[in-house]
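Here are some notes for a colleague who is meeting this structure for the first time.

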Amino acid sequence: MIPELGHFCLIIAFILTVIPIIGIFYRPFSVITRGSILGQAFFIHLGVLALIYAFVQDDFTVYYVSQHSNSALPIGYKIAALWGAHEGSVLLWVWILSCWALAISCQSKILPKIFLNRLLGVMSALQMGFLLFLLHLSNPFIRNWLPNIDGQDLNPLLQDIGLILHPPILYAGLIGFSVPFAFVMALLFNANTQKILFAWLKPYVCVAWCFLTLGIILGSWWAYYELGWGGWWFWDPVENASFMPWLTGTALLHTFGLVKKSKKYITWFICLSMATFLLSLLGAFLVRSGILSSVHAFAVSPERGQYMLVFLGITLSISLTWLIYRLPHFVTQKSSDKSLAWHSVLGLLLIQNSLFSVLCATVLIGTLFPIGYEIVTHQKISVGFPYFNQVFVPLSMPLFGLMGLLAIRLKKETPKTIAAIGITSILVGFWVCFIFPPIYPSWGSKIIVGLGVSISTWLLLTTLKILFSFNKRYLPMSIAHIGVGLCILGVTINTQYSIEKELKIKPGDSLVLAKNNIHFTELNFLEGPNYLTYEATFVVNNTIIKPEKRLFTAQFIPMTETAMDVTVWRDIYIALGEKLDADFWSARIQYKPFVRWIWAGGLLIALGGIMSFFLHRKGH
Amino acid sequence: MTKHRTLRLIFVLLVLLGTGLSSWLIIRALKENISFYYTPTEAITGKVSQGVSTRFGGIVKPRSLDRLHGLEIRFILTDNQHDIPVVYSGILPDLFKEGQGVVVTGFIDENGVLKATELLAKHDENYLPPKITHAPTAQTSVSPTVGKQ
């Protein structure tokens, strides 16, 4: 009964989305626009609760629940299983979109009524598309007429704290960019834009961007400890799908300063907002269609891919047509036509924006190239991750150089100081690459270390100068930029100094890895709530860590649980392989220096965003 | 030329240079890092050149997995029409087992043996590599009937 009610609630929400859309064009309807948004949010929440209820009650007559839950599954995972597969994650998407729409309609006092109604109308149109997808092609409430006695269990890979957190946070970010999208669509109706509108929008972009940043970091951290490879970024199509909107979103966040200064940048702002959300949609399409091979791919289903493609196509063509149709009204506005020096703060921001767009384009090309190639030549190919490293890394370097320059410009430093900081950082880079030779001490590797360390030193020194000017305005920016510096340092050192060993090993064996004593003491066979496990005990310099090899009994899926000995400077990362002959096991043991710095830097970047949000709120 | 115009010219040249540089990087990197994807049948019928790193999708033939010394293994990759022997050294992915879909990256040596550098088994147990239409063994589990409302 409850699942049917949940299904019914979603249908009501779907019908309610029509009202704000009509409200855009037919004024009398717009009186109930906000009411309808409230109603949508209410019914979608009920729908989500109904599915959670089905999971918690182990209602295996619901097909989705029977496929992705099990009576022995811990309760936290039962709730998180809601977004563990396709249908539920579409529901999560819809749910988060309704939350964003609700947030807009509650925080809209300063917006002109007519603008608000258009904004909510666009949000509803998007919601309508997703609800139709949910109800028509991915209904999680479908019954299973031959009920399983017990569910098939959640994919063991997903039974982890990472799963509970990663998708909702990432989605909150991706979907959050629907707000600037709807905003610019509404903005295009009327050329007499007021600056107050942009001030209203900024916190939304800021929050969405923070969520996206956190989501990406969480995904990276999760992949690191859960997949057993010890990598933290794979340039997988789906990772790229979340990274591209992050790149344009970051650019978008930096354009608010430009728009505040002069109206002539509004066009650029509009394009970026549209691109960011459309890239989020593209990501949804890539994941849902399974068109690109990826670790994230759910089982392939052509109709879903087609629907997403059509939805993406419609959104893209309507928004582009609307933009082209209305743009002349914006361009003809006379604005102050003072030309911009490239080294002024605004000029640097503009260059930064174009660099971000180029970076995003390179990732986009690498991600979509296999699709284009297959259409033209009917041959399946894949683009390996070295492509991304070879293109992305060199093209991102000028960006980091500019970031430091920007910090210096804000404080109006003399060229002398700039040169001093620059030379210091280059010296530090050289010093590091010669004193600590990389694992493969080739020239290429040394140059990478030198460059990476120089750039992060440059970034850190220049940003610290800003930070210690104790100007509250620059605080969020300094924190985020320091995060970028630490991140680059972590990435450089981690990629160039990591050691990986694959061994045949038995209890009692020991080895030395980068001056760390590792001893395999024992191996036990244990029983977990829904799995059996071999638990190995390793001693790394007196710390005990316990990697496991689990067998999830519902579907007999084996699963590696890695274990790490963590310090600030390095991780010792151990993943069990499998049982070989006699007592021997295969194992992957890795030395990963500075790997925590990557995520620490990422967290600082997100923290900068959060601080900016709160400072902005205080300012109004 | 006025100073303003010179600046503009420099700016345009810089933009052109930047675009050129990035296009060059992209094209060069794409050339080096594309890997083609084939099924065993395509590999046998000679579409694949020797010694070039390529991806192969197929199924691990049941009862073909052999452990050699150390971490080395040998198995047969099949698409139910043709087989290729594969050797690999290293840790196997969790979901790698006989009868399961797998994507192998590597190159074929002069004896027709595929030397694998990377094995990918999908997280989804219902996964079959692209172009492979059915699993080799008869499916024993019956998928539950889905009722439409």
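1. Chain A contains 19 helices and eleven strands. Its radius of gyration is 26 Å, close to the 25 Å that the globule rule gives for 620 residues, so chain A is as compact as a globular protein of that length. Please keep in mind throughout that this is a predicted model.

2. Taken along the principal axes, the C-alpha atoms of chain A fill a box of roughly 80 × 75 × 55 Å. Of the 620 residues of this chain, 50% count as buried. Among the contacts in chain A with a separation of 6 or more, 73% are accounted for by residues 24 or more positions apart.

3. The largest nonpolar core has 164 residues, and those with the most contacts inside it include Val94(A), Leu97(A), Leu119(A), Phe130(A) and Ala208(A). The element that gives the most to this core is helix H10 of chain A, residues 195–226, which supplies 18 residues. Apart from this core lies another one, of 20 residues, and among them are Tyr37(B), Tyr88(B), Phe96(B) and Ile108(B).

4. Which residues does Ala208(A) touch, not counting residues up to four places away in sequence? They are Gly173(A), Gly176(A), Phe177(A) and Val179(A).

5. Four strands of chain A form an open sheet, in the order E2-E11-E10-E9, and the pairing is antiparallel. Strand E2 (499–505) and strand E9 (563–566) of chain A stand at the edges, and each has a single partner strand, so one side of each is left without a neighbour in the sheet. From one strand to the next, the twist averages 15 degrees.

6. Within this sheet, strand E10 (residues 570–579) and strand E11 (residues 585–593) of chain A pair in the antiparallel sense over eight bridges. A position to look at here is Ile572(A), which stands opposite Tyr591(A) in E11(A).

7. Leu327(A) lies in helix H13 of chain A, which covers residues 302–331.

Notes:
Residues are numbered from 1 along each chain as its sequence is written. Chains are lettered from A and ligands numbered from 1 in the order in which they are written. This is a predicted model: local features need pLDDT of at least 70, side-chain atom pairs count only at pLDDT 80 or more; totals for chains, interfaces and linings use all residues. A nonpolar core is a set of buried Ala, Val, Leu, Ile, Met, Phe, Trp, Tyr and Cys residues joined through C-beta atoms within 7 Å. A residue is buried if 20 or more other C-beta atoms lie within 10 Å of its own, exposed if 12 or fewer, and partly exposed in between; C-beta atoms are placed from the backbone. Helices (H or I, at least four residues) and strands (E, at least two) are DSSP runs, numbered from the N terminus. Two residues are in contact if their C-beta atoms, placed from the backbone, lie within 7 Å. Two strands pair if DSSP finds at least two bridges between them. Axes are lines fitted to C-alpha atoms, for helices over the stretch in contact, and angles run from 0 to 180 degrees between N-to-C directions. The radius of gyration is taken over C-alpha atoms; the globule rule is 2.2 Å times the number of residues to the power 0.38.
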